[in-house]
Amino acid sequence: MQLGNPGSPSAPEGKPLLEARDVKVHFPIMKGIVRTRPVGYVKAVDGVNLSIMPGETLGLVGESGSGKTTFGRAILRLIEATSGQVIFDGENIVELGEKEMRRRRRHMGMVFQDPFGSLNPRMKVGSTIGEPLVIHKLHESKEDYHQQVGDLLDIVGLSRNMADRYPHEFSGGQRQRVGVARALAAKPKFLVLDEPVSALDVSIQAQLINLLEDLQREFDLTYLFIAHDLSVVRHISHRVAVMYLGRLVEIATYRDLYTNPKHPYTQALLSAIPLPDPKLERTRDRIVLKGDIPSPRNPPPGCVFNTRCPMATKECTEIVPELELVALDHQAACINI
Amino acid sequence: MNLDFSRPRPLLEVKNLITQFSTEAGPVRVVDDVSFHINEGEILGLVGESGCGKSITALSIMRLIPSPGEIAEGEVLFGGRDILQMPDTELRTVRGREIAMIFQEPMTSLNPVLTIARQLMEPLRLHMGMTKEAARERAIELLEMVGIPDAGDRIDDYPHRMSGGQRQRVMIAIAMSCNPKLLIADEATTALDVTIQAQILEMMAKLTKEIGTALLIITHNLGVVARFADRVNVMYSGRIRESGTVDTIFENPRHPYTVGLLDSIPRFDEEERERMRTIEGEIPDPANRPSGCTFRTRCRWVADDCATLDPQLISFEDDHNVACWKAESVSRDRRPVV
């Protein structure tokens with residue numbers, strides 16, 4: 001396997017593999033017992049536009065309540081979007097019927113954060129990994145099935161004979177490898193990785209990041225990598241998008257976003273991360289944001305970040321900023337840039 | 001021994017602490033012969049990955065080890081008194097009043113059926129002997145100090161009315177209410193978002209400095225340690241493997257595990273992205289540790305002796321202790337190719 005240099009690729013060009021157009025996911029807040037009725041909406045995702053190129057890793061970062069996980073699920077239709085389009089491989093999958101969607105879903109996979117909760121404890125990991133092969137009828141015979149499951153274990157760095165074991169016999173890092181193997185079973189083009197390394201210890205985290213990078217190169221995979229850890233995201237992504245309270249506030253190449261962040265939220269987020277370098281930490285300027293993240297039930301009017309923004313003006317409470325080009329391949333949603 | 005009076009006085013000294021849990025297969029040492037000290041007003045970081053024994057070390061200091069665990073050996077000297085030998089009445093005055101502790105889960109550490117006022121006034125009345133009125137006044141002051149807006153109104157709220165960050169602020173207010181000499185923060189900001197984590201850590205460091213409280217930060221986050229700690233202890237598999245000042249540990253680590261840990265964190269300020277360096281293998285099961293040096297199965301510098309001889313923490317240079325036979329040849333710039 002060629003390892004290559006993860007630092008080299010510029011964003012791949014051509015037609016996007018996946019495009020989200022004004023995707024909104026609003027959850028109704030229901031009230032009443034006999035006659036339940038919506039009394040408001042949680043705008044978890046509120047009009048997100050982005051595209052992901054074939055072979056690209058798009059990092060999606062944000063804090064809790066930013067809507068990053070909901071967005072990741074909405075583009076796979078694990079949660080139905082309230083409005084908007086998701087174009088996958090040239091086709092709007094939001095309009096597809098259930099049966100057709102199931103056929104498309106073969107090409108899309110997901111890896112979840114929790115390596116303990118996302119595997120069925122009563123199922124041997126071989127069956128967990130092989131389930132997509134059964135669902136999508138991707139094996140020719142019993143031997144072929146076992147062969148494929150063994151190959152998948154191999155690919156993620158586990159030994160073939162682990163297929164007969166149960167999840168409790170695996171460590172957190174190994175379970176996450178099982179999750180990756182399952183996601184790869186149907187030979188997808190696209191994976192949503194939702195905080196795939198957050199629950200792991202740092203020494204194990206690095207192993208998994210390397211594995212994900214190798215797999216992308218070997219199988220031409222396209223990733224949406226969702227995480228709250230900006231350092232990990234920078235390491236693996238070609239471009240990075242920042243979400244806050246259901247909206248995209250900035251999107252740029254990984255270099256630009258980290259060396260030249262434009263949105264005040266991105267700037268604050270970067271300055272809040274303590275770096276493993278005591279000398280630098282003593283001299284670093286930091287922006288400490290005031291207050292808590294507002295509830296997505298009741299987002300502030302205008303720019304959603306205005307309640308905590310050190311640069312906010314009166315206009316910010318009135319105008320909802322749209323993403324605008326601020327540099328080459330670099331968009332930000334702020335009226336004060 | 002040389003007596004040096006210019007050195008800061010140790011506030012807490014942990015000596016040869018062994019904490020074990022009984023299992024069907026016999027006792028398992030989760031904390032295995034750990035010794036360290038914290039000076040007055042100092043910030044000490046205790047870092048390590050899951051299962052390394054850092055939290056159990058903290059709980060041992062407070063004598064809060066749950067059954068079937070027990071402290072088998074050792075001393076925890078606090079102001080010259082051994083906490084492990086104290087009668088319960090004396091222990092109660094130390095806990096909460098002189099040593100306070102905050103945990104990772106602000107959700108479960110607060111009592112959900114009592115108002116913030118009740119929970120904040122209790123230690124003030126119990127330990128400081130304040131009247132109800134005085135305690136309430138002080139409680140509001142404390143909430144303001146930790147940055148809760150509208151403290152006078154919020155004090156009568158129940159915990160569920162507050163966000164995770166606010167609950168952790170309340171926990172800090174309770175912990176600091178009796179001006180403790182030592183505050184133990186066990187992954188206190190791990191569950192919080194980064195922007196909130198930054199606010200709370202800054203506030204906690206400022207507050208402890210003002211009052212002169214020593215701080216023991218227990219975390220897996222090396223960035224947090226680099227930002228706040230004066231000295232660091234690195235734990236692996238129940239033992240301290242390296243200790244020193246933050247500058248020494250981050251710039252000149254001499255234990256292969258410390259080197260590996262620092263190498264496996266990506267940094268967003270690095271120029272070029274390189275393939276991540278990893279520590280191969282998995283953290284050993286405490287019931288089944290390798291012989292000799294417990295890190296040898298994952299170590300790049302491993303030598304023949306490592307399987308038979310168990311390295312002790314020895315002084316490598318001033319304020320820098322390392323438990324490794326190869327410490328002389330270990331550094332971040334000289335990695336053997338495996």
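Predicted model: local features only at pLDDT ≥ 70, side-chain atom pairs only at ≥ 80, totals over all residues.
**View 1. Helix H5 of chain A and its surroundings.** Helix H5(A) covers residues 172-184, 13 residues in total. From its first C-alpha to its last it reaches 19 Å, close to the 18 Å expected at 1.5 Å a residue. Twelve of the 13 residues are buried, so H5(A) is largely enclosed by the rest of the structure. Among the buried residues are Gly173(A), Arg175(A), Val178(A), Ala181(A) and Leu184(A).

View 2. Strand S8(A) spans residues 222-227, and six of its six residues are buried. Both faces are covered. One side carries Thr222(A), Leu224(A) and Ile226(A), and the other carries Tyr223(A), Phe225(A) and Ala227(A). Strand S3(A), residues 57-61, pairs with S8(A) in the parallel sense over five bridges, and here Leu60(A) stands opposite Ile226(A). Strand S7(A) also pairs with S8(A) in the parallel sense, over five bridges. In that pairing, Thr222(A) of S8(A) is the bridge partner of Phe190(A).

View 3. Strand S4(A), residues 83-88, pairs with strand S1(A), residues 18-31, in the antiparallel sense over five bridges. Lys24(A) stands opposite Ser83(A) of S4(A). S4(A) also pairs with strand S5(A), residues 91-92, in the antiparallel sense over two bridges. Asn92(A) in S5(A) is the bridge partner of Ile87(A). The hairpin of S4(A) and S5(A) has two residues between the strands, and Asp89(A) takes a positive phi near 55°.

**View 4. The side of chain A that touches chain B.** In this view, 39 residues of chain A are in contact with 40 residues of chain B. Four helices of chain A each supply at least two residues of this side: H6, H7 (230-236), H9 (264-272) and H10 (278-283). The largest share, seven residues, comes from H6(A). By class, this side of chain A has 20 nonpolar, eleven polar and eight charged residues.

**View 5. An open sheet of eight strands in chain B.** The strand order is S6-S7-S8-S3-S9-S10-S12-S11, with mixed pairing. The edge strands are S6(B), residues 99-102, and S11(B), residues 314-317, each pairing on one side only. From one strand to the next, the twist averages 20°. Helix H7(B), residues 164-176, packs on the sheet and touches S6(B) and strand S7(B), residues 182-186. The direction of H7(B) makes about 170° with that of S6(B).

**View 6. Residues of the largest nonpolar core.** In soluble globular proteins, nonpolar side chains tend to be buried together. The largest nonpolar core in this model has 188 residues. Those with the most contacts inside it are Phe225(A), Ala185(B), Leu216(B), Ile217(B) and Val225(B). Leaving aside neighbours within four places in sequence, Ala185(B) is in contact with Ile102(B), Met204(B), Leu215(B), Leu216(B), Ile217(B) and Ile218(B).

Terms used:
Residues numbered from 1 in each chain as written. Chains lettered and ligands numbered in written order. Expected span 1.5 Å × (residues − 1). Buried ≥ 20, exposed ≤ 12 C-beta atoms within 10 Å, placed from the backbone. Contact = placed C-beta atoms within 7 Å. Nonpolar A, V, L, I, M, F, W, Y, C, P; charged D, E, K, R; others polar. Pairing = 2+ DSSP bridges. Axes fitted to C-alpha atoms, helices over the stretch in contact; angles between N-to-C directions. Core = buried A, V, L, I, M, F, W, Y, C linked by C-beta atoms within 7 Å.
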